[in-house]
Amino acid sequence: MAEVVKSPNDSREYRVIELENGLTALLISDIKSASEKCTQDDADDEDDDDDSDLSDESCDSEDEDYMEDSDEDEEGVDGGESDEEGGNPRKSAASKSVKMAAAALCIGVGSFSDPTDIPGLAHFLEHMVFMGSKKYPDENSFDDFIKKHGGNDNASTDCERTVFHFEIPTKHFHEGLDRFAQFFISPLMKPDSSDREIEAVDSEFQMSLTSELSRKQQLLGTFAKDDHPMGKFMWGNTKSLKTTPLEREIDVQERLHEFHARMYSSQYMTLAVQSKESLDTLEEWVRDIFSGIPNNGLPKPVFVDAVKPFVTPKFHKLYKVVPVKNIHQLELTWALPSLLQQYRVKPLHYLSWLIGHEGTGSILSLLKQKCLALQLYCGNDETGFEHNTTHAVFSITVQLTDEGYNNVSEVLSIIFQYIAMLQKVGPQERIYSEIKKIEDNDFRFQEQMDAVDYVESIVENMQLYPKEDYLTGDKLMFEYNAEVISEVTDMLTADTVNILLLSKKHDGHCDEIEPWYQTAFTSENIAEDWKHTWHNQEIDARLHLPSPNKFIATDFTLKDADIDDTVYPTKITDTPHGRLWYKRDTKFKVPKGYIYFHLITPLVNVSPRTLVLFDFFVTILEHNLSEMMYAADVAQLTYHFRTEESGLIMKMLGLNEKLPSSDVRLSVLQHVKWIPVDKQAVVATVTKDEVLSFVKKFKKNLYIEGLVQGNFTSKEALSFFEVLRTKLCCSTIPSTELPETRIMQLPKNVHCCKVRNFNRDDGNSVITNYYQVGPGNIKLSTLIELLVMRMEEPAFDFLRTKEQLGYVVYVMCRVTFGILGFSVTVNTQATKFSVTHVDNRIDSFLEQFAEILDKMTEAEFETCVNSLINLKQREDLHLGEEVLRNWYEITTGTYVFDRLEKEISELKQTNKQELVLLFRNSITGGTDLRKLSTQIVGSGEYEHHNKPVAKMAEADIIAGSKKQKEELNKITKSKQPDTGLEMHVPAVTEILVNGEVAFPEEDKDIYSLNFLPADENYSSPMITDISKFKKDLLVFPVTKLDH
């Protein structure tokens, strides 16, 4: 019998079993990698009751530089351009580097099986099984147990699959599995729980209303044949799950239990578990716990009769759509037969590789040359909506310039020319082999991911692929088949395409409304002259296949050391021009390397205008490099640029990316902070000469700091530094001129900054209550970690589960350039609550939490401390995590590479009284309460009374004045050789505009900060002029968490 195929570098053991009830399980034993590590973790686990609140949201890092290289979680990113909020990426209470046990269960049934009279029932059921079981009847018992022990859980519903997963420290895995299995054995799903959870489903839906992807998918579903499951409303909301059923006398509660009995049957299920126990132990646990899931003996719902959903006149049209964002977007879509059985060939992956290519000869290359487009992406994302048993979707999406929108027929002609070229030359085995080699290399040297992410991906694969391909079926290109590829390529015709054209210019010109998302659109037949052109045009010679990729790695030799190896990065050069840190990898022993440079300059943060000039420069730089570097990028040799207030971050790695409440909060806290609305006022007036002049000054005024880590010698690392320095020809900068960010000390008591959401049709509101503690050190930062860690689960239970204030609720540690604090954030809807009500309920929660802290026993406190210590002692999963931790120390100028050890030392000396005192002093009634409530207010019945009382004065945001230009000229007066930058400034302006930096002239009022008044009976002072508010505040000295 075939075994599960795994990576050569994967030390885990695998076993597939099938239970008597038909459930298939994959057991993953991590016992080998666990035994390779020091045994201290295990000893600590055994001594630790681990009864603290340690969910992943409790102290998420907000350091944007860290988050860039991880799965970006919107809740955790604070969006400040150089904000180091959240601190060390390894400080978080349940950092993503923590190696835990995890399980995921997939049911081969999803929203396609929703009854037609209760849309969203499958999604609602996914929520309801969390709400207690016969064995564990408390409503929040599973979530409470998981988070209490430092874990995390979630679930998702797709068209034909529903997935549940959780992670938890190994010590508690067995009980976690038992509690988890009750979802499928005997959930209670009580009526009172149902009423509250419908509100949670509705809040989740309300948050999706501004998602262009969700809106497009729902609109696309309306083009399907009548009664096809693709046309269903799969989210569910109050109307579909409560209001309409009540009107029709439908008993949703009864139907919910019937749906669970019919659809949550064991023979439809796959299970994946990973832990450090042996395979035999895991098999014993799984058989004992999951054999109790009932098998209803019924065949799984299938949709073999529902093929070709879009063979309908509604599909093959041109639809003009009004988007939420200010974008011009063109989307071509073809509906193809399901290609799930062709996973070994992956014809859609081959086609998307070519059509989505960005190098010379590509569609995007030609569109950019003509200033018609900014971005192009295509393919099939393998979700249930785009690829299921009824069909597959292949889409090409183009972000257009104004010129591209006005000449959309030319854009379409170029796309169809390229497709015609592919059809003419036929499949290319050379290109297929290149893709295969890249994917093979990636799989061979894949870095370990979190156990929960790993089992979640595998458990869905188990529904789709044979046993031997559970780990590889969605990743590898197995066999070249020209016939299959040709057949799919030939389906991409002008006669079968559907076209969406999104633009705000369609507003007021649409005669149809999609009922669930209220998307405005109009349709028309695709012009016959367009079709004639597409069928008969000559192929532009500038469109051709990509050249052979010279960046594909073939040498995987590990480099020998040329200097003594060290535990932490070593400074190998320190000159007036810059500083370089180096560390050879001796732990993970993979042929990968990371090269990070920070080009530090005082020029950027002088004014909004200099920030915009810098944005122009980096955008042009990325544009000019994109074709040359694309081949390297697809070969896993990636690079990133990111603009910071302090300069430019450059990252290279591989085998040898709404009106944020954070913008408002940081504009209050930072001594100098320019936000997108400031840039918006100046971007349209920037000239090419200004950009070129700025670039010359930028190159002259740089200090370079870098980190080279991985499979490099120190000699190679120094050569990277010297090449960069000599190419830039930069002069030295006095240390007194290097940029430093300072933070304002908030006044005592409570202040509120209440601002209207940019999108007047968006009902979502966001409130973040920030409590400033003050200048930090390592001891104080660990104390706040303990506080937030203990607070997270009670906050979720009070504000979300019981109060149902919003779907997203979280608390966070805040490290704002060395100034410490914590915050509570709730995303709510103005159709349900006012931000003032939410603010009051947060205060009520904090009062309740103060009592929880007071009642916490010394033993419980010690458990909390020990749990955090254990987490800080966990090993990194892969080299990238270690690099990010070191890079944090360098970019913040702290250089405390042994921070974890120092934090552990401080934790061992912490006592409960310190924690209680810190919290009580920081909240209402405390001696040092410094609270800033930032409230971004949506549109809805609970906020209709809000009328702006002030808006940011243009004098405050126009940055092109003589004075500010003089400020820039003070910093440097120099001449440099020509920069070599070439790109039309209007095209770059559109990139910035479409990147939500700038907005149309007619929308100036909308995209200004419109300050709102206090609600009745709200007594705290309101901030209606940020500059005036900050004028008399104290400014903290520059603070670093280095002691």
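This is a predicted model: local features need pLDDT of at least 70, side-chain atom pairs count only at pLDDT 80 or more; totals for chains, interfaces and linings use all residues.

Visitor: Which residues make the contact of H27 and H29?

Guide: H27 supplies Val865, Leu868, Ile869 and Lys872. H29 supplies Leu900, Glu903, Ile904 and Leu907.

Visitor: By class, what residues does the contact of H27 with H29 have?

Guide: Six are nonpolar, two are charged and none is polar. Val, Leu and Ile count as nonpolar, whereas Lys and Glu count as charged.

Visitor: What makes H5 roughly antiparallel to H6?

Guide: The axes of helix H5 (residues 141-148) and helix H6 (residues 173-185) cross at roughly 155 degrees. The cut-off is over 145, so the label applies. H5 is therefore roughly antiparallel to H6. The two axes come within 10 Å. H5 passes H6 in a left-handed crossing.

Visitor: What residues make that contact, and how do they divide by class?

Guide: Ser141, Phe142 and Phe145 come from H5. Glu175, Gly176, Arg179, Phe180 and Phe183 come from H6. The contact of H5 with H6 divides into four nonpolar, two polar and two charged residues. Gly counts among the polar ones.

Visitor: Why is arginine 161 called buried?

Guide: Its relative accessible area is 11%. Buried means under 20%, so arginine 161 qualifies. Arginine 161 sits in the loop between strand S4 (152-157) and strand S5 (162-168).

Visitor: What joins the side chains of arginine 161 and glutamate 460?

Guide: A polar contact of 3.0 Å joins them. The limit for such a pair of N or O atoms is within 3.5 Å. Leaving aside neighbours within four places in sequence, arginine 161 is in contact with several residues, among them Cys106, Val109, Ser156, Gln463 and Leu464.

Visitor: How do you know that serine 193 is buried?

Guide: Serine 193 has a relative accessible area of 3%. The limit is under 20%, so the label holds. Serine 193 is in helix H7 (residues 191-208). Beyond four places in sequence, serine 193 is in contact with Met128, Met131 and Glu139. The C-alpha atoms of serine 193 and phenylalanine 130 are separated by 10.0 Å. Along the chain, serine 193 and phenylalanine 130 are 63 residues apart.

Visitor: Where do lysine 346 and phenylalanine 817 lie?

Guide: Lysine 346 is in the loop between strand S8 (328-336) and helix H12 (347-355). Phenylalanine 817 is in the loop between strand S22 (808-816) and strand S23 (819-829).

Visitor: Are lysine 346 and phenylalanine 817 buried or exposed?

Guide: Lysine 346 has a relative accessible area of 13%. For phenylalanine 817 the value is 10%. Buried means under 20%. Lysine 346 is therefore buried, and so is phenylalanine 817.

Note on methods:
Residues are numbered from 1 along each chain as its sequence is written. Side-chain values use heavy atoms; hydrogens and water are left out. Contact means heavy atoms within 4.5 Å. Helices (H or I, at least four residues) and strands (E, at least two) are DSSP runs, numbered from the N terminus. Axes are lines fitted to C-alpha atoms, for helices over the stretch in contact, and angles run from 0 to 180 degrees between N-to-C directions. Angles under 35 degrees count as roughly parallel, over 145 as roughly antiparallel, 65 to 115 as roughly perpendicular and the rest as oblique. A crossing is left-handed if the near helix is turned anticlockwise from the far one by less than a right angle, and right-handed if clockwise. Buried means under 20% relative accessible area, exposed over 50%, partly exposed in between (1.4 Å probe, protein chains only). A polar contact is a pair of N or O atoms within 3.5 Å; within protein, one must be able to donate a hydrogen and the other to accept it, and residues adjacent in sequence count only if both atoms are side-chain atoms.
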